[in-house]
Amino acid sequence: MSEASTQQRLAQCFQAVFPDIPVSEIAGASADTVSDWDSVAQVTLVSVVEEEFGVMLAEERYGELLSFSAWCEHLETLLR
Amino acid sequence: MTLQEALVIGNRPAVGAEYSLHFCCGFQPLHLATFLKAHLRTRLAGPGQGTYPAVSIKTGHFGDLAGNIDKALSSDAAQPLAVVMEWADLDPRLGFREGYRPQPDDEMAIPGEVAGRLGRIEKQLTGVVGLRRIVLGLPVAPLATWEAGLSGQASPFTLELRALLAAFAARCARAGIRVAELAVVPLGSSSAYDFRGHLQTGFPYSTPYADALAVNLASLLVPLPPKKGLVTDLDNTVWAGIVGDDGAANVHWSLEQHARAYGLYQQCLASLGAQGVLLAAASKNDHAPVSEALARPDLLFSPALLFPVEANWGPKSESLRRIAKAWKIGLDALVFVDDNELELAEVRQSLPEVECHLFPPAFQPAAILELVQTLRRRFAREQVTEEDRLRAASLRSSAEYAQAEAADPEALLSGLKASLTCSFARGPFDPRALELLNKTNQFNLNGERWEESNFRTFVQQPNTVLCVASYEDRFGSLGKIAVAVGIVENGAVRLRSWVISCRAFSRRVEFSTIQALLDYTNVSTLRLDWQSTPRNGPTREMLGALFNGGLPEAGMLEITREDFEKRHPPLYAATHCMP
């Protein structure tokens, strides 16, 4: 799985959960900059990513996955 | 549908009126609400539509199912309600998420608590089921039980709880609440209950199960219009064998002849016929052997249900055209079943509107069972009305009627001994009226379709007039065949919707209905919200005659009682208005 396609698929997950973020701003999105990024959105994002990538995320990591870049990094590790 | 797809559908721009739903559960509604919104939007948009109406789902508080139901019921009276319960809602000790120290008397105490809470929910829901659509989802989480017992043994405790739940669900279903079938999780997916997710988020279901449950709930909340007629092949479909070659005595459908799956299909035809589904045969055969086979007394359905029987050597598409004409229904309301791929291909090519199904070969009985289940779904209707039962018989009468009409139409009408009964009652809710409004195309004032809660709300407004007309004559009863709904304002009745079943055409029911509306409301003017549609040609023709031609594509038409009296043709039906 290439980095580009992982990022593209992750971006689609973000688009589904945060439809108001412009596509061009997804790469820089974080819980600090996206007002809709609350606990329900985080749980939804986890489920969408798990479904998309066929992975299972550990609950203790949820608190660290609060930006697109953090998600990318974590997925790269999981999928390696 | 994946969760991501559901979110994307839920995010699409909304067009048209909003569909509003109360969704009550005691858990975190999370992905179930997401899937439900997506499936509702898809169903409300209709097949092939690129635009989606808005769907608003109001949820309640975590852990308070009964309170959430109370809150929903205290709001808008006509809004639909979806209730999904889990065991923890019936007794917290039954939940996996809640911790408690098991007590020796749990087995005695818990069923009592469950019965009490089920009783309260039943009272809440059945008290209002006449006013709004209610759908109910039942628990699927495993029961937390710590009892002793053999591995694989069902304990009296769990059996008692399941019995309480089943009896509750049956009472609710009898009262008119739509109880969702237990959704089937797709093969290869995780189970319905997701313990990990439940612990982490309070949402108890796996995403595949949430999707499957949402499909069931959405189909009960917004049922799609069923197909109307089934045209079936005969050889190697209704029976095993070729009647023209083997002879009527040597075609089979019994277990002894290894042809039971064909008998099952015959039972399916019997069941569909009893529900008012129109049935006909289209077979490449001579008429004589077909008639002989259909006269066999051991058939598992009444061959009288098959009308017409097209036994000839022409293209099947031509037979289907004639059948649709005899039934007076559109080709898009037809389902065609044949064991021959070539015949299906010919029909698909000539009549793309017709839904075609292959009847599987005899060595695939499981596929035949699947076809039977598919057909049941394609013709599924909420309830079988008197009109459904009358439909097939009235079509036969229509054929006789058409013959008599061709000889002398005016003499026929004057000698019909026709009676039109117009009911102006605005309650209780009449599903047949809504069904007619939403499925009639040819005599339809403007093609408007009604969402159930909007219809219920509209008819309860003080100045609304609702007329539901039933018709019978010497050829038999046609049941409820016309609906007009509108408002009385400024000395006029203004119709927002007006439909007449095509089975009642040529009887001047349309004029008698106007007469009844003017008489009952005692107004001097009729106004019609007219809109031409691709399919309401018969309405245009009738209104063209009444308004002396030249109808616009859309707009409000107006006629005074005086002009109506001058322009309508002689009316022979005895008309009765009932408040």
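Colleague: In which loop of chain B does Pro428(B) lie?
Modeller: Happy to start there, keeping in mind that this is a predicted model. The peptide bond that leads from Gly427(B) into Pro428(B) is cis, and its omega is near -5 degrees. As for the place, Pro428(B) sits in the loop between β11 (419-423) and α17 (431-439) of chain B.

Colleague: And which strand holds Pro308(B)?
Modeller: Here too a cis peptide bond is found, joining Phe307(B) and Pro308(B), with omega about 0 degrees. Pro308(B) belongs to a strand covering residues 306-312 of chain B, namely β8.

Colleague: Is Asn490(B) buried or exposed?
Modeller: Asn490(B) has a phi near 50 degrees, a positive value in a residue other than glycine. Its place is the loop between β14 (476-489) and β15 (492-500) of chain B. The cut-off for exposed is over 50%. Asn490(B) has a relative accessibility of 73%, so the residue counts as exposed.

Colleague: Then what about Leu30(B): buried or exposed?
Modeller: Leu30(B) also has a positive phi without being glycine, near 25 degrees. Leu30(B) is located in helix α2 of chain B. To count as buried, a residue must be under 20%. The relative accessible area of Leu30(B) is 10%, so the residue is buried.

Colleague: Which residues touch the most other members of the largest nonpolar core?
Modeller: That core has 63 residues. The members that touch the most others are Trp71(A) and Leu32(B).

Colleague: What is Leu32(B) in contact with, leaving aside its neighbours within four places in sequence?
Modeller: Among its partners are Phe23(B), Phe27(B) and Val84(B).

Colleague: How many residues are in the second, separate core?
Modeller: Its members include Ala418(B), Leu420(B), Leu546(B) and Ala573(B). The size of this second core is 44 residues.

Colleague: How far apart are the end C-alpha atoms of α3(A)?
Modeller: Helix α3(A) has several buried residues, including Phe68(A), Trp71(A) and Leu75(A). With 12 residues at 1.5 Å a residue, the helix should span 16 Å. The model agrees with that expectation, because the end C-alpha atoms are apart by 16 Å.

How values were computed. Residues are numbered from 1 along each chain as its sequence is written. Chains are lettered from A and ligands numbered from 1 in the order in which they are written. This is a predicted model: local features need pLDDT of at least 70, side-chain atom pairs count only at pLDDT 80 or more; totals for chains, interfaces and linings use all residues. Side-chain values use heavy atoms; hydrogens and water are left out. A nonpolar core is a set of buried Ala, Val, Leu, Ile, Met, Phe, Trp, Tyr and Cys residues joined through side-chain atoms within 4.5 Å. Buried means under 20% relative accessible area, exposed over 50%, partly exposed in between (1.4 Å probe, protein chains only). Contact means heavy atoms within 4.5 Å. Helices (H or I, at least four residues) and strands (E, at least two) are DSSP runs, numbered from the N terminus. The expected span of a helix is 1.5 Å times one less than its number of residues.
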